[in-house]
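Trainee: Could you walk me through this model, with the cut-offs spelled out?

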Number of protein chains: 2
Amino acid sequence: MRQAGRYLPEYRELRKILGTFLETCYNEDLVSEITLQPLRRFDLDAAIIFSDILVLHDLLGFDVQFIENEGPVLKYDFDFFSIKKDSIDFSDKNIQSIYSGIKKTRGMLDKEKALIGFVGAPWTLACYAIEKRSSKDFKKTKIFSYQKESEFQHIIDIFVYACKEHLCNQIEAGVDAIQIFDSWANVLDEEDYYRWVFLPFLEISNEIRVKYPTIPIIWFPRASFSHYGQLIQKNERGLLKNFDCLSVDYSTSLSFLKSVLPKNIVLQGNLEPISLACDDFHVIERKALKILYELKDRPRIFNLGHGMIPEAKIENIRKLIDLIRDFDLKNYDF
Amino acid sequence: MRQAGRYLPEYRELRKILGTFLETCYNEDLVSEITLQPLRRFDLDAAIIFSDILVLHDLLGFDVQFIENEGPVLKYDFDFFSIKKDSIDFSDKNIQSIYSGIKKTRGMLDKEKALIGFVGAPWTLACYAIEKRSSKDFKKTKIFSYQKESEFQHIIDIFVYACKEHLCNQIEAGVDAIQIFDSWANVLDEEDYYRWVFLPFLEISNEIRVKYPTIPIIWFPRASFSHYGQLIQKNERGLLKNFDCLSVDYSTSLSFLKSVLPKNIVLQGNLEPISLACDDFHVIERKALKILYELKDRPRIFNLGHGMIPEAKIENIRKLIDLIRDFDLKNYDF
């Protein structure tokens, strides 16, 4: 998941001596150092670039600050119509430093290992823009989308554009795959999901498919199975051509999902991340084996079902990776 | 939904002069007054008893307080094993006053209108017991369930027992249907859902079916479609016999749900409640018509997809009810 190695002691040590969180995201040496930290400890197949979905807000002129124990806070006072596509400057030195960070990291990373770039999806980005912080119910964002529909559509369009550019630039800089995180896809009804999650995803993924047909696209529409399950089943607007891998949150049943998803699509997921805080590894083992069993007959990426929590125990992660590496169906009696 | 008329000005006026929230729940005159308030204003088919899912915690000796703008807070310092079924005293005068409130309300309510009783489901009740307040991630509850499995199973069993008793007593007092709210069903993985949502629901609903075969059971397993969808599709342990109506949250696609749910089961739901805060009724109209259309060929209860929000506009609710009453497919071009 995109929190990369933020749970590691070596990252926390480093954080103490660093500037703000965004300054760290804009320092190519630190980006590559932090991105590679988990791979020095663990036998992982891929690294995900150290960054944040809110770098696009920062580029767009929202004042973004990360406040300890509180999360991101945005401060601004303008309406969304004042943001124009033409005025978004991707030659900005901060955003460019992310791309140099990617280039540097790709150069340092073992050739066998994949480097993943990412963006937050437009709906999730719009939530942060309107709530100005994280939220429990996204009431402000929803009411805004109902009352000021054209202004809301405008900010979605702006984020669609910014996501496309940011992903293309990351690919040019060297990432091997891209992931689109719609962390708040789960709070919408069917109509709003179609407009604010599905259509923007199609637009962004269409662009990547056309420009970079060999780059794998990983989609993470969080905890919204009935919506994306139905869209996948109907292959709405050729949706199945638009992603190679579905990243599945822990609250989704893999067995039910498999019944609607074609076999060639990779499933990524979906261990309950809170289990990694356990003292007893057997709980994790049981959950991991269930996932490995569910995914045994199809292309898969074992992963967490949501972000790593700070309480995750390093020893559990090590044992979990050993378990996955050693997994051999014959050894287990299901 | 179970918030009954708490958004109404007449309720808020009344609250100002009342004691604590729980004292209000334990006063039969106030219970019937508040329960009937929405029906005096609106042409509704049913009333839901004014109460709270935490009355069971109060009965069990957790110190429950409702704090303005913060929600419930529980204070206690004992382990769950110290609670025994035998020592739960349903002759307690507070819990009994809920039943007298039901009796009184049933007596005052138009015979044509249904009165609904309810409980929170054991998983949701256990979350409140362990978090001691509401939570974003239920980390404490999950870690507890992993680390202290037998103690967690014990508190689930205690709540299963308490739910059965409380529902039976409500039925004896005169409710016409019962609803089981699993508000936090959405935060579990497949294995935990099976143990903590599905099995407790089966136990409780089995008891009601045996004792009161004609009382309709409404199940609200919040935002967990892939889990309950699969269990319904497999008719796991005869699940389909155990509820008459599925109450569907707003984030579930009715069209997909219909593909797994037999036609005789009533669907209840699922308007996005935040839409009721709109200035523009057209947003609500569009969403409501979509639901009416989806449910047009099956038994249905039009309802919200989650709790009423305080910002809901009375005028919208009135127009919405008119719209539903006047609904006639022939008048609309879908």
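This is a predicted model: local features need pLDDT of at least 70, side-chain atom pairs count only at pLDDT 80 or more; totals for chains, interfaces and linings use all residues.

Trainee: How many residues does the contact take from chain B and from chain A?

Mentor: Contact means heavy atoms within 4.5 Å. By that rule the contact takes 47 residues from chain A and 46 residues from chain B.

Trainee: What area do chain B and chain A bury between them?

Mentor: Buried area is the accessible area (1.4 Å probe) that two parts lose on being put together, summed over both. Carbon and sulfur atoms carry 51% of it, and the total for chain B and chain A is about 3,800 Å².

Trainee: Which three residues supply 17% of the area that chain B buries against chain A?

Mentor: Their share is more than that of any other three residues. They are B:Tyr146, B:Phe256 and B:Ile274.

Trainee: How many salt bridges does the rule find across the interface of chain B and chain A?

Mentor: A salt bridge is a side-chain nitrogen of Lys or Arg within 4 Å of a carboxyl oxygen of Asp or Glu. Across the interface of chain B and chain A the count is 15.

Trainee: How far apart are the closest N and O atoms of B:Lys287 and A:Asp189?

Mentor: B:Lys287 lies in helix H12 of chain B and A:Asp189 in the loop between strand S5 (177-182) and helix H9 (190-211) of chain A, so the pair joins two chains. Helices (H or I, at least four residues) and strands (E, at least two) are DSSP runs, numbered from the N terminus. In this salt bridge the closest N and O atoms are apart by 2.8 Å.

Trainee: At what angle do the axes of helix H5 and helix H8 of chain B cross?

Mentor: Axes are lines fitted to C-alpha atoms, for helices over the stretch in contact, and angles run from 0 to 180 degrees between N-to-C directions. The axes of H5 (residues 93-108) and H8 (residues 149-173) of chain B come within 8 Å, and they cross at roughly 35°.

Terms used: Residues are numbered from 1 along each chain as its sequence is written. Chains are lettered from A and ligands numbered from 1 in the order in which they are written. Side-chain values use heavy atoms; hydrogens and water are left out.
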